[in-house]
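Hi everyone, thanks for coming. Let me put the structure up on the screen, and then I'll walk you through some parts of it.

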4 protein chains.
Amino acid sequence: MTTDIFDLYESNVRSYCRSFNAVFNKAKNAVIYSEEGRDYIDFFAGAGALNYGHNNDFIKEKILSYFNSDGIMHGLDMYTVAKRDFINKFNESILKPRGLDYKIQFCGATGTNAVEAALKLARKIKRRAGIFSFMGGFHGMTLGSLAATGNIQNRLGAGVQLPNVTFMPYPYKFMKSFDTIDYIDNVLNDANSGIEKPAAIIFETIQCEGGINIASTDWIRRLSDLCKRNDILLICDDIQAGCGRTGTFFSFDRAEIVPDIVLLSKSISGYGFPMSLLLMKREHDIWQPGEHNGTFRGNQLAFIGAQRALEYWEEFNLQKDVQEKSDFIKNYLTNEILTLHNLLDVRGIGMVWGIDFSDVGGAEISKQIARRCFEFGLIIERVGRNDTVLKIMPPLTIEMELLQTGCRIIKQAIIDVFKENGLNV
Amino acid sequence: MTTDIFDLYESNVRSYCRSFNAVFNKAKNAVIYSEEGRDYIDFFAGAGALNYGHNNDFIKEKILSYFNSDGIMHGLDMYTVAKRDFINKFNESILKPRGLDYKIQFCGATGTNAVEAALKLARKIKRRAGIFSFMGGFHGMTLGSLAATGNIQNRLGAGVQLPNVTFMPYPYKFMKSFDTIDYIDNVLNDANSGIEKPAAIIFETIQCEGGINIASTDWIRRLSDLCKRNDILLICDDIQAGCGRTGTFFSFDRAEIVPDIVLLSKSISGYGFPMSLLLMKREHDIWQPGEHNGTFRGNQLAFIGAQRALEYWEEFNLQKDVQEKSDFIKNYLTNEILTLHNLLDVRGIGMVWGIDFSDVGGAEISKQIARRCFEFGLIIERVGRNDTVLKIMPPLTIEMELLQTGCRIIKQAIIDVFKENGLNV
Amino acid sequence: MTTDIFDLYESNVRSYCRSFNAVFNKAKNAVIYSEEGRDYIDFFAGAGALNYGHNNDFIKEKILSYFNSDGIMHGLDMYTVAKRDFINKFNESILKPRGLDYKIQFCGATGTNAVEAALKLARKIKRRAGIFSFMGGFHGMTLGSLAATGNIQNRLGAGVQLPNVTFMPYPYKFMKSFDTIDYIDNVLNDANSGIEKPAAIIFETIQCEGGINIASTDWIRRLSDLCKRNDILLICDDIQAGCGRTGTFFSFDRAEIVPDIVLLSKSISGYGFPMSLLLMKREHDIWQPGEHNGTFRGNQLAFIGAQRALEYWEEFNLQKDVQEKSDFIKNYLTNEILTLHNLLDVRGIGMVWGIDFSDVGGAEISKQIARRCFEFGLIIERVGRNDTVLKIMPPLTIEMELLQTGCRIIKQAIIDVFKENGLNV
Amino acid sequence: MTTDIFDLYESNVRSYCRSFNAVFNKAKNAVIYSEEGRDYIDFFAGAGALNYGHNNDFIKEKILSYFNSDGIMHGLDMYTVAKRDFINKFNESILKPRGLDYKIQFCGATGTNAVEAALKLARKIKRRAGIFSFMGGFHGMTLGSLAATGNIQNRLGAGVQLPNVTFMPYPYKFMKSFDTIDYIDNVLNDANSGIEKPAAIIFETIQCEGGINIASTDWIRRLSDLCKRNDILLICDDIQAGCGRTGTFFSFDRAEIVPDIVLLSKSISGYGFPMSLLLMKREHDIWQPGEHNGTFRGNQLAFIGAQRALEYWEEFNLQKDVQEKSDFIKNYLTNEILTLHNLLDVRGIGMVWGIDFSDVGGAEISKQIARRCFEFGLIIERVGRNDTVLKIMPPLTIEMELLQTGCRIIKQAIIDVFKENGLNV
């Protein structure tokens with residue numbers, strides 16, 4: 001394995017390569033291969049960008065065909081057949097069945113770009129500068145999105161103040177000891193609170209980077225009501241939790257709300273291609289032509305993949321599949337992991353789960369466990385405050401056998417590391 | 001042609017489709033095909049993302065091979081063979097021959113993301129919040145980049161103040177009536193100027209969106225010296241003008257300077273795939289791991305294309321090719337266009353040229369001409385203050401015959417529109 | 001009474017004159033006289049600037065003597081005998097007995113100027129931009145102070161964003177339903193809260209403008225501890241509540257804390273002259289000479305008055321006097337006012353009390369009552385959210401008989417207005 | 001002389017006392033006395049607050065009478081006889097003769113407070129956040145005013161960014177090498193300049209703190225026209241240069257313009273009392289009641305002094321007096337000072353003049369000269385970039401003999417210091 005070239009020429013900013021120290025060349029569904037021929041089970045799924053697995057054959061076929069026909073690859077926001085086909089399919093398969101009358105904006109090919117567009121649009125609609133975001137929320141690393149991201153280290157990276165966003169308590173730990181929705185309502189309706197009414201509230205139904213913190217359906221509904229009552233837009237950042245990750249296409253389906261703006265990216269292309277989009281209620285589409293633009297808005301190859309991925313979702317009944325695997329994970333974590341130590345916590349929904357070590361050794365232990373997993377052939381990430389939560393997020397398409405193997409690896413790694421550190425098991 | 005679906009479901013923010021009202025499906029080198037079978041000469045080149053033409057066969061071959069081998073498509077910033085090959089090639093072909101000791105950061109897959117990274121890095125290095133940008137400059141649409149972008153309409157789209165950037169005069173029109181470098185120097189060295197020393201100055205050697213305004217090599221060199229003298233970083237945004245567009249790989253090659261940070265995107269992948277990167281002098285690589293991140297940093301397919309594009313550049317001696325076409329354009333504009341009206345202005349370098357109608361009918365005339373070109377089968381964009389400048393920017397690989405045809409179309413369109421508007425020809 | 005001249009030439013921004021529609025010419029202790037010869041009992045005391053009453057003879061004598069000797073009237077921050085005498089007296093009478101080792105900064109002659117200086121100094125000491133302030137807090141109207149002021153109407157007057165201040169819940173109404181000190185601690189120690197550690201927390205022990213909201217001594221102590229624990233400066237804005245108003249010289253005396261920075265203004269000069277000062281722990285005095293300046297820092301006449309006022313405080317045993325009057329007010333409000341309606345609330349300490357009508361008719365009723373009081377010859381202000389709280393704040397030196405009369409006027413006004421509005425009495 | 005108490009207890013921020021190291025107790029017209037009985041000629045005049053001299057008897061008489069009658073001393077913005085009398089007199093003597101239909105706002109008792117009010121008002125009127133200020137301008141030290149102040153050291157004292165103000169070149173040194181008014185016009189009318197149209201331009205006709213830089217009447221007129229043409233308010237900060245300092249009451253009288261907003265403070269009270277006011281064209285008075293407030297708006301004693309000062313101005317024909325003294329200063333500086341060295345520069349108007357040492361030894365020399373003047377019994381301040389300009393600004397009422405003596409002291413100090421430093425004289 002030669003990584004010298006990276007040490008020499010790639011910036012120190014590179015990050016995941018430090019946890020997963022191998023040079024990869026191929027990948028298929030839930031397995032990634034290093035150039036040295038080793039294979040790794042993938043419980044990471046490109047940080048959520050690979051819900052359909054690596055190089056999904058059903059999708060690949062369509063992409064190759066597009067390549068071979070010299071289909072247009074880059075067209076900014078010109079009209080293309082690929083875009084039209086995607087819009088049609090998305091509308092028919094996702095929006096119409098839910099009765100959603102959204103218009104679609106194709107943003108620059110990153111999730112953060114969709115967040116930036118959403119914040120701009122909300123401010124434009126309401127003519128207010130402020131945004132409410134939640135403690136623990138993650139929305140991206142460009143200046144507008146970063147302002148809505150809670151992680152202090154990320155924020156310090158900006159080198160400038162990040163104004164116009166106010167952080168509200170998310171129902172997590174101490175902040176569960178009082179009614180956070182009532183708190184927000186009081187702040188909004190106190191003329192002396194110092195906090196102006198925002199244009200929008202941006203939220204995640206599950207804070208994945210924040211540590212797999214899951215808002216209750218009741219809380220989500222009350223948040224939606226609060227927004228309506230106070231004339232505030234509700235933006236659901238579904239970039240990581242959407243596209244089927246929680247068992248339904250949108251993560252907010254379980255609460256039966258209709259956010260004013262919805263953001264999708266990561267797995268939307270079905271193949272890991274850069275793409276992001278913004279859904280907005282029809283009446284909110286007050287953009288001027290070109291008011292938010294960018295060279296890579298409208299990745300044609302991603303349109304092809306995205307359309308095909310929606311077909312895959314339906315044809316292979318992925319939703320049912322996810323439910324079964326979710327049940328397996330839930331049972332495994334409850335029966336095999338939670339029982340290892342009385343201060344462990346497990347949380348999750350659909351196929352995104354976390355094992356929380358914040359009260360059992362914290363960051364140092366979670367780090368050792370993740371490293372041990374990698375040695376055992378499992379790629380798994382840590383999230384949450386101080387990275388104390390092990391995040392289980394395999395492709396939705398993972399074979400059940402690999403899912404089981406991966407879970408067993410985690411268990412073994414925990415036991416080993418606990419023992420090595422003198423923790424009871 | 002069915003565009004109903006776009007009217008119904010795509011946001012009003014869509015823009016280029018309004019100028020080029022056709023639904024495209026295929027493209028090859030400098031020609032784009034609509035689904036109705038009409039073909040258009042491309043003088044637009046994906047706003048600079050298609051220097052190597054559409055579906056370049058030399059590059060395509062390698063991409064298909066990667067696809068077929070199930071090469072890893074998405075890997076965040078993990079080590080991959082595709083990335084290593086690109087770094088090697090870029091280093092050998094571009095950096096080493098110039099004696100440049102840059103490290104490379106792979107940013108989120110948009111140009112604006114690289115700009116955001118550069119501004120963060122500069123602020124981190126110098127521990128200063130301020131940035132100087134230039135009037136007329138364009139650097140992107142996310143909040144950090146937008147703050148450095150001069151266009152007022154774009155800026156108003158933010159809905160919030162865009163602080164921490166101070167605009168300096170670029171040598172253009174009135175601002176050529178005095179020494180803009182001395183102006184900056186005086187501002188910097190006057191303790192009562194109200195303007196703090198910035199972390200960096202970000203600039204384009206040619207302001208493309210600003211209207212094809214070309215800084216002289218002397219001005220570029222003096223800017224570089226001013227930065228050194230005042231302990232300020234120099235960031236060259238070469239996103240549009242780089243990758244060979246001006247005749248050399250970097251647009252600043254002609255001034256023989258070494259910027260502290262260089263930004264590339266658009267054509268770097270060789271195939272129109274989303275990709276962006278940041279080059280920084282080795283000593284400036286003070287990033288912490290993951291301090292600027294994003295799901296789509298490191299587009300594997302783009303690495304494959306980018307490496308192959310560099311091979312193409314060499315094997316087909318593109319640099320020489322560009323020189324010949326540049327000479328043709330220059331001659332044509334000088335002899336056939338400039339002579340049409342004594343208030344016309346033409347400006348350009350390499351294969352990016354502008355015809356300035358600001359004193360001959362302005363935006364209304366330039367709009368009619370661009371529309372007429374499209375009717376004649378030519379795709380061409382307008383840039384500059386009030387969109388009064390017709391921008392000639394075909395793929396570098398355009399066949400000479402198509403280049404000639406395109407130019408003739410422009411001439412005819414100008415003549416027609418001038419006559420229709422009672423302007424002397 | 002001729003007020004035409006004001007209507008014609010004074011800006012609409014004038015405010016109190018609208019509530020107290022008379023032209024005043026003279027004043028003595030707790031009585032103000034209009035030019036038409038009517039006299040009014042003063043329960044307003046210049047919004048807290050007249051704790052020693054109008055034209056206090058004991059102080060006046062010293063001022064006249066200074067005038068007659070052509071004592072220097074304006075000297076910026078040059079050394080003067082008047083300043084030295086004040087510093088000596090303040091040190092001996094106030095600081096030393098409390099064991100306080102504060103240094104004194106004389107600010108521009110307004111309270112808001114002292115707040116601005118405090119925020120600058122705190123940011124300079126801690127090299128952090130953020131400040132925590134409290135919902136309901138009032139700290140002034142210049143841009144820095146206004147950022148820390150909760151009132152939305154005041155804030156909107158800025159016409160710009162007011163960054164760098166985060167508002168925390170003050171123990172008031174809903175915000176009493178959870179532990180606000182724990183809330184702040186959690187925000188500070190959650191690395192993903194989105195809220196950076198501030199340089200300082202600025203607070204009032206009693207929010208006067210906010211509606212006579214009184215923090216418990218326990219809460220004040222815990223706030224002080226929280227600041228120490230988290231390396232944050234504590235700034236006590238004692239501009240309205242200080243100078244004896246709560247029964248002791250500093251309003252925080254009751255909690256036995258030592259804030260890092262204390263702000264005084266309003267009554268400090270003893271005669272209603274513009275003056276403000278900032279006390280800082282010795283180790284915090286890291287100012288550069290002239291780093292915060294202003295033409296009217298150091299009002300010589302105010303020094304004379306201020307020194308004499310401290311003598312008055314001691315010679316006339318004002319502290320004991322305040323206690324007796326405080327007891328009277330407390331008893332009167334409890335026995336005569338609170339009994340008028342079961343939804344009334346009264347709150348207070350020392351000689352600042354509020355009658356809260358927010359649940360009994362709100363702003364409209366409180367407005368009618370204040371107006372009725374004025375008709376009855378009593379000047380009294382309304383404060384709090386929507387001005388629903390009648391604020392009782394006479395000079396500390398008010399004659400007991402006038403205090404009783406004023407209270408009876410309030411009672412009668414409430415009864416009348418309640419009846420007129422069909423409220424049970 | 002005992003200054004220990006200051007060293008021990010007054011903050012290091014004290015500044016002028018370091019240059020003028022004596023403890024003062026009395027003052028009369030242009031002479032200040034130390035407690036040790038030494039007298040100093042005052043060429044400083046309280047930084048412009050003492051145009052009528054110290055303890056002017058004509059004014060003093062009226063003030064004492066007000067005191068003796070127990071005139072109301074503090075009344076916030078209630079109606080008082082003292083305020084009405086001032087408004088009447090100001091209107092009759094200053095506004096009406098000039099045909100100015102201004103309304104008056106009484107601000108917190110500092111100049112910076114008036115600047116804050118003006119910026120708020122301008123932003124409210126035009127609903128734009130931006131303000132243009134000039135390099136070298138000084139407008140105060142609170143956060144809003146400081147944002148418009150050019151001095152970098154002052155700005156750094158804020159500890160936060162100072163947004164929403166853009167600095168334009170003032171015709172001074174290099175910035176005289178091109179047309180600064182045309183520059184501003186181009187910035188405003190270039191849709192890609194990155195600089196939004198401001199609500200207002202704030203300026204001084206003479207930058208006193210900036211180094212006695214004097215705008216030509218032509219430049220002032222063109223600035224006024226530019227504002228009208230571009231729908232921008234013009235704010236004249238006449239705090240230091242107004243109240244007769246330049247020979248006419250307003251410093252802009254010489255250009256015959258009518259600013260939208262005018263700011264006065266410093267000498268307006270005639271006696272060195274804290275006071276400031278804002279004049280606005282009638283149509284701009286869109287304040288809501290209390291929208292900008294403060295405890296010390298409306299200093300009653302200052303109203304008395306201010307009215308009497310206007311009477312003094314007329315009865316003693318001060319305008320004529322100033323002209324004569326101005327002529328003397330001009331001649332003296334030209335004939336006796338400028339001739340001392342060919343790199344010296346002198347600039348001035350009315351009774352504010354500067355001797356510029358920036359090309360003759362700079363700050364070190366100017367410092368030594370000012371110190372030598374003090375030793376010779378003259379109080380004189382330094383201003384400008386790096387404090388290289390000696391500022392001659394005696395009371396307008398200074399006796400001619402003292403004026404001559406003061407000038408001779410300066411000459412002798414220059415000669416001595418030049419010789420000691422080996423500079424040719």
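This is a predicted model: local features need pLDDT of at least 70, side-chain atom pairs count only at pLDDT 80 or more; totals for chains, interfaces and linings use all residues.

Residues are numbered from 1 along each chain as its sequence is written, and chains are lettered from A and ligands numbered from 1 in the order in which they are written.

Let's start with chain A. Its domain assignment gives domain 1, made of 4–54 + 319–420, and domain 2, which is 59–315; such bounds come from an automatic or database domain assignment. The C-alpha centres of these two domains of chain A lie 25 Å apart. Where they meet, 25 residues of domain 1 are in contact with 22 residues of domain 2, contact being C-beta atoms, placed from the backbone, within 7 Å. On the domain 1 side, the elements that each supply at least two residues include helix H12 (318–337), strand E14 (345–349) and strand E15 (352–356) of chain A.

E14(A) and E15(A) run antiparallel and are joined by 5 bridges; two strands pair if DSSP finds at least two bridges between them. A:Ile349 has A:Val352 as its bridge partner in E15(A). The two strands form a hairpin with 2 residues between them, and A:Gly350 in the turn has a positive phi of about 50°.

Now, how many residues does each side give to the contact between chain A and chain B? Chain A gives 88 residues and chain B gives 87. Helix H6 (residues 111–126) of chain A provides the largest share of chain A's side, 7 residues. That side divides into 37 nonpolar, 34 polar and 17 charged residues.

Strand E4 (residues 79–80) of chain A runs parallel to strand E1 (residues 23–28) of chain B, with 2 bridges, and A:Thr80 is partnered by B:Phe24.

Next comes helix H5 (residues 81–95) of chain A. Which of its residues are buried? They are A:Val81, A:Ala82, A:Lys83, A:Arg84, A:Phe86, A:Ile87 and A:Phe90; buried means that 20 or more other C-beta atoms lie within 10 Å of a residue's own, exposed means 12 or fewer, and partly exposed is in between, with C-beta atoms placed from the backbone. Their cover includes E4, strand E5 (102–106) and helix H11 (300–315) of chain A, together with helix H1 (4–9) and E1 of chain B.

Over to chains C and D. Strand E1 (residues 23–28) of chain D is mostly covered, with 5 of its 6 residues buried. E1(D) pairs with strand E4 (residues 79–80) of chain C in the parallel sense over 2 bridges, and C:Tyr79 is partnered by D:Val23. E1(D) also runs antiparallel to strand E2 (residues 31–34) of chain D, with 4 bridges. Those two form a hairpin with 2 residues between them, and D:Asn29 in its turn has a positive phi of about 45°.

Last, a sheet in chain D. It is open, with 7 strands in the order E5-E13-E12-E11-E8-E6-E7 and mixed pairing. Strands E5 (102–106) and E7 (165–168) of chain D stand at the edges with a single partner strand each, so one side of each is left without a neighbour in the sheet. Within this sheet, strand E12 (residues 261–264) and strand E13 (residues 277–281) of chain D run antiparallel with 4 bridges, and D:Ile261 stands opposite D:Met280.

That's my tour, and I'm happy to go back to any part of it.

Technical notes. Two residues are in contact if their C-beta atoms, placed from the backbone, lie within 7 Å. Ala, Val, Leu, Ile, Met, Phe, Trp, Tyr, Cys and Pro count as nonpolar, Asp, Glu, Lys and Arg as charged, and the others, Gly among them, as polar.
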